[in-house]
Amino acid sequence: MQTVHTIAELRHALRHAERPAFVPTMGNLHAGHLALVAQARPLGDATVASIFVNRLQFLPHEDFDSYPRTFTADQAKLAAAGCDVLFAPREADLYPEPQTFKVQPDPALADLLEGEFRPGFFTGVATVVMKLFMAVFAGKPQGVAVFGKKDYQQLMVIRGLVRQLALPIDIAGHDTERAADGLALSSRNGYLSEAERAEALQLPLALRVLARDALAAAHALPERLPALEAAAMQQLAARGWQPDYLTVRRRADLLPPQRGDGQGALVALGAARLGGTRLIDNLEI
Ligand SMILES: Nc1ncnc2c1ncn2[C@@H]1O[C@H](COP(=O)(O)OP(=O)(O)OP(=O)(O)O)[C@@H](O)[C@H]1O
Ligand SMILES: CC(C)(CO)[C@@H](O)C(=O)[O-]
Ligand code: BAL
């Protein structure tokens, strides 16, 4: 595996590739990231992963400074996973000047859920992903990029970006990889104490209960859902969590379900803080 830091080095490393397969990450790699790499490998003729903790998508009070940076271990994991090129730009390589031009996703999608609790988050994500896409794919006839469904709304924002800007990039989604007990793998799980790690399982469990209750109320879901969501949030709050949202939405646009929306069209999504750690998860119903 070749490790490169600048866009010029990346372009050189990919000069013979016609269909790069790309996995963007913020590093601190776990089995979820490596599953994306395994999915990407047969989809292209050169597999590229990036590691970049993108300041633009963090609010001032969030964990940009403390975000785990484990570059040497990440590099070894990617090499063992069969990645061909690791793109690890320094901040000055990707943002040589203040990024005043930004990619603004549709607020109808980007201001909901994660975007409500992390204002500007999806502008930061879309902007850096666009820059990473240009770095990897410029001049290539076609490419493919793989994103995890754990960041469900992010995957939808990226699909909208590629569709509306007609980028020659296929977007593949990967199911959420989970620990044996069902907790979604996440770099931020590393912030949890032993007791918090055991408690963290309550987030996917709450989503499962909410999904089950929503199915049971399918005949009158728009009327009954607000009470079910409030109960799910109260139950987590009673255990010491600070939930941002636990909700059932339409997969197509993440808006609340309307009468007649089919069961296969729904997804339960949640975000909640346990101690100082904010966790997200979701479950397609
Ligand atoms: N458990 C998982 N299963 C599948 N894909 C995942 C999983 N966790 C993260 N990913 C995907 O890996 C890519 C990089 O994500 P990122 O580096 O932010 O990892 P993360 O573990 O989600 O970190 P964080 O805890 O900060 O959200 C994203 O496409 C994300 O959806
Ligand atoms: C897509 C991404 C690498 C952009 O910084 C990040 O949001 C992530 O790791 O999901
Ligand atoms: N996993 C999405 C990136 C973030 O939380 O900042």
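UniProt positions are given in the numbering used here, and annotations may be inferred rather than shown by experiment. With that in hand, welcome to a few close-up views of this predicted model.

**View 1. A position in helix α2 that carries a UniProt annotation.** The unreviewed UniProt entry places the feature "active site" at H33. H33 sits in helix α2, which covers residues 31-40. Is H33 buried or exposed? H33 counts as buried because 27 other C-beta atoms lie within 10 Å, and the cut-off for that class is 20 or more.

**View 2. N189, in a loop between a strand and a helix.** Here you can find N189 in the loop that runs between β6 (169-174) and α9 (194-200). N189 is partly exposed because it has 17 C-beta neighbours inside 10 Å. Setting aside neighbours within four places in sequence, N189 is in contact with L183, R197 and A200. Now compare sequence with space: N189 and L279 are 90 residues apart along the chain, and their C-alpha atoms are 7.8 Å apart.

**View 3. The largest nonpolar core.** In soluble globular proteins, nonpolar side chains tend to be buried together. Here the largest nonpolar core has 78 residues, and V37, V85, V136, L210, A214 and A268 touch the most other members. Helix α7 (residues 121-137) supplies the largest share of this core, 11 residues. Both domain 1 (2-174) and domain 2 (190-284) contribute at least three residues each. For a closer look, pick A268: beyond its neighbours within four places in sequence, its contacts include L207, L210, A211, A214 and V248.

**View 4. Where domain 1 touches domain 2.** The chain is divided into domain 1 (2-174) and domain 2 (190-284). Their centres, taken over C-alpha atoms, are separated by 27 Å. How many residues does the contact take from each domain? Domain 1 provides 11 residues and domain 2 provides 10 residues. On the side of domain 1 that touches domain 2, α6 (114-117) and α8 (152-164) each give two or more residues. The largest share of that side, three residues, comes from α8. By class, the residues of that side of domain 1 are seven nonpolar, two polar and two charged.

Key
Residues numbered from 1 in each chain as written. Chains lettered and ligands numbered in written order. Predicted model: local features only at pLDDT ≥ 70, side-chain atom pairs only at ≥ 80, totals over all residues. Helix = DSSP H or I, 4+ residues; strand = E, 2+ residues; numbered from the N terminus. Buried ≥ 20, exposed ≤ 12 C-beta atoms within 10 Å, placed from the backbone. Contact = placed C-beta atoms within 7 Å. Core = buried A, V, L, I, M, F, W, Y, C linked by C-beta atoms within 7 Å. Domains from an automatic or database assignment. Nonpolar A, V, L, I, M, F, W, Y, C, P; charged D, E, K, R; others polar.
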